[in-house]
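Here is a brisk tour for a reader new to this structure. Look at the sequence and the model first, then read on.

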Amino acid sequence: MTLIVTDKGFGQDDFTGGFVALEGISAGAGCNDCGIDLSPSDDLNAHRDLLLNARAIRISFGSFADGRGFTTAKSLRLMGYTGRLRAGAGLIADQYAMARRAGFDEVEITDELAERQPEGQWLFRADWQAYDHQSRLRG
């Protein structure tokens, strides 16, 4: 099972449309209310219209050490995507503020990770707008 982390803490997944891989949707798989599963290696420009009109997008993270998902999220927001943007499982609590600054609305975590990193550790980073290392360095 997965939990969804937002600035308010842990919650259940309320997105009922499910997610379909970008390749499946591009190949014509029917999907009216579903979201798109996106890999950091997917070509955003080749699927621009499809992505910008998606109800929700979940970007996968192979591991917490793979930061390409942050770049993908930021690129989608800069392209004009205004829908629900979810970081797929693979991030840790220390990366929550970075995920929010990159444009993610929520982070998906496993129950096992929630046990190792309880809600308090995620909430500690929920004030993500208050601290920005680059802004601090600029003065």
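Arg-58 sits in strand β5. The model is a predicted one. Is Arg-58 buried or exposed? Its relative accessible area is 19%, and buried means under 20%, so Arg-58 counts as buried. Its side chain makes a polar contact of 2.6 Å with the side chain of Asp-37. Beyond its neighbours within four places in sequence, Arg-58 touches several residues, including Phe-19, Ile-36, Leu-38, Arg-86 and Glu-108.

Strand β5 covers residues 56-59 and runs parallel to β4, with 3 bridges between the two. Within this pairing, Ile-36 has Ile-57 as its bridge partner. Leu-38 stands opposite Ile-59. Strand β4 (residues 35-38) is also joined to β3 (residues 19-21), again by 3 bridges and again in parallel. There, Phe-19 is partnered by Gly-35. Strands of a sheet pair through backbone hydrogen bonds, either parallel or antiparallel.

What order do the strands take in the open sheet? The sheet has 7 strands, in the order β2-β1-β7-β6-β5-β4-β3, and its pairing is mixed. β2 (9-11) and β3 stand at the edges with a single partner strand each, so one side of each has no neighbour in the sheet. From one strand to the next, the twist averages 30 degrees. Helix α3 (residues 68-79) packs on this sheet and touches β4, β5 and β6 (84-87). The direction of α3 makes about 155 degrees with that of β5.

Arg-100 belongs to helix α4 (residues 96-102). Arg-100 counts as buried, at 16% relative accessibility. A polar atom of its side chain lies 2.7 Å from the backbone oxygen of Phe-104. Arg-100 and Arg-86 are 14 residues apart in sequence, and their C-alpha atoms are 9.8 Å apart in space.

**Aromatic rings**

The chain has 4 aromatic pairs. A pair of aromatic rings is described by the distance of the centres and the angle of the planes. Two of the pairs are set out here.

| Pair | Centre to centre | Angle between planes | Type |
|---|---|---|---|
| Phe-15 and Phe-19 | 5.0 Å | 40 degrees | tilted |
| Phe-61 and Phe-104 | 5.9 Å | 55 degrees | tilted |

Where do Phe-61 and Phe-104 lie? Phe-61 is in the loop between β5 and α3, and Phe-104 is in the loop between α4 and β7 (106-110). The pair therefore ties together parts that are 43 residues apart in sequence. Phe-61 is buried at 5% relative accessible area, and Phe-104 is buried at 0%. Phe-61 and Phe-104 form one aromatic cluster with Phe-70.

In the other pair, Phe-15 is buried at 8% relative accessibility. Phe-19 is buried too, at 19%.

**The chain as a whole**

How many helices and strands does the chain have? It has 7 helices and 7 strands. Along the sequence they follow the pattern β-β-β-α-β-α-β-α-β-α-β-α-α-α. Of the 139 residues, 40% count as buried. Among contacts with a separation of 6 or more, 58% come from residues 24 or more positions apart. The accessible surface of the chain is about 7700 Å², and 49% of this belongs to carbon and sulfur atoms.

Terms used
Residues are numbered from 1 along each chain as its sequence is written. This is a predicted model: local features need pLDDT of at least 70, side-chain atom pairs count only at pLDDT 80 or more; totals for chains, interfaces and linings use all residues. Side-chain values use heavy atoms; hydrogens and water are left out. Two strands pair if DSSP finds at least two bridges between them. Helices (H or I, at least four residues) and strands (E, at least two) are DSSP runs, numbered from the N terminus. Axes are lines fitted to C-alpha atoms, for helices over the stretch in contact, and angles run from 0 to 180 degrees between N-to-C directions. Contact means heavy atoms within 4.5 Å. Buried means under 20% relative accessible area, exposed over 50%, partly exposed in between (1.4 Å probe, protein chains only). A polar contact is a pair of N or O atoms within 3.5 Å; within protein, one must be able to donate a hydrogen and the other to accept it, and residues adjacent in sequence count only if both atoms are side-chain atoms. Accessible areas come from the Shrake-Rupley method with a 1.4 Å probe; for residues, only the protein chains shown count as cover. Rings of Phe, Tyr and Trp (its six-membered ring) pair if their centres lie within 6.5 Å; planes under 30 degrees apart count as stacked, over 60 as edge-to-face and the rest as tilted.
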